[in-house]
Amino acid sequence: MFKIVKKQVLNPTVVLMEIDAPFIARKAEPGQFIMLRISESGERIPLTVADYDRDKGTVTIIYQLVGKTTRALSEMNEGDYLLDFVGPLGTASHLDGYKKVAVVGGGLGTAIAYPQAKKLHALGAEVHAITGFRNKDLIILEKEMEKVSNRLIVATDDGSNGNKGFVTNVLKQLIDEGNKYDLVIAIGPLVMMRAVSNLTKEYGIKTIISMNSIMVDGTGMCGGCRLTVGGETKFACVDGPDFDGHLIDFDEALRRQGMYKNQEKESGDRHAC
Ligand code: FES
């Protein structure tokens, strides 16, 4: 059993939890994920590691209330226990050797971009973080990102934080200002990662994106995270979740992501009843 040692509501639909899981905390690296199950009858869901504290033995997860399990999880509190918390799974991001990196987080993707920025910063890279949200009430991890980046730009679609724009526009502006990035990391909705990848392709900048959002069972069994990368079939949970953004077939991934929307909604509605 794995104790919830901290719960923090980051915005109306996003919750942070720190879980007491010393063995996972000892090994976890940015880019990896865990599988959790609340109870015997619950489904297993994959969630990307948002942070870890090797000394305290805790692993941080940040999730959006999108379906039955995440809603049930959000009803749990500090002191409650999860039945299963397994990991770290997936391939860790390769972050060594970069001098100047733009880390781009879209919405909840910021929670996954954060540990990447933190590690790059610790490795001595110059980190420019760009995060984007629909409006100012949805902004998460601003202070945390500030601490691990040399420059942080937070943009909102509606301009309610005083900085209207999309992350792709901000990134383009920074590149056009003369910033020479040797890597761009983009994590967020598929359409946003596609837009960033299209942009960086024009400039010839290596780009890593995370396909964690299409994972289902996280074990390589369900096939839900199948995608085409450079003409080859890959599985996000086994071969990723990080991939070269210039090689992903985003159109196919977008089609597949929408396949189970109705079932997910039905399940969520049942839980809400
Ligand atoms: Fe099921 Fe990858 S999430 S095969």
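Trainee: Which residue with a positive phi follows α3?
Mentor: That's G124, with a phi near 95 degrees. Keep in mind that this is a predicted model.

Trainee: Is α3 mostly covered or mostly open?
Mentor: Mostly covered, with 10 of its 14 residues buried. Among them are I112, Y114 and L120.

Trainee: Let's move to the sheet. What is the strand order?
Mentor: First the general idea: strands of a sheet pair through backbone hydrogen bonds, either parallel or antiparallel. Here, seven strands form an open sheet in the order β6-β1-β2-β5-β4-β3-β7, and the pairing is antiparallel. β6 (81–82) and β7 (84–89) stand at the edges with a single partner strand each, so one side of each has no neighbour in the sheet.

Trainee: Where does α3 pack on that sheet?
Mentor: On β4 (45–53) and β5, touching both, and its direction makes about 35 degrees with that of β4. As for β5 (residues 58–64), seven bridges join it to β2 (residues 14–20).

Trainee: How do helices α6 and α8 pack?
Mentor: At an angle of about 175 degrees, with axes 10 Å apart. That angle makes α6 roughly antiparallel to α8. The contact includes L190 and M193 of α6, plus F250 and L254 of α8. Its residues divide into six nonpolar, two polar and two charged.

Methods:
Residues numbered from 1 in each chain as written. Predicted model: local features only at pLDDT ≥ 70, side-chain atom pairs only at ≥ 80, totals over all residues. Heavy atoms only, no water. Buried < 20%, exposed > 50% of the residue type's maximum accessible area, 1.4 Å probe, protein only. Helix = DSSP H or I, 4+ residues; strand = E, 2+ residues; numbered from the N terminus. Pairing = 2+ DSSP bridges. Contact = heavy atoms within 4.5 Å. Axes fitted to C-alpha atoms, helices over the stretch in contact; angles between N-to-C directions. Parallel < 35°, antiparallel > 145°, perpendicular 65-115°, else oblique. Nonpolar A, V, L, I, M, F, W, Y, C, P; charged D, E, K, R; others polar.
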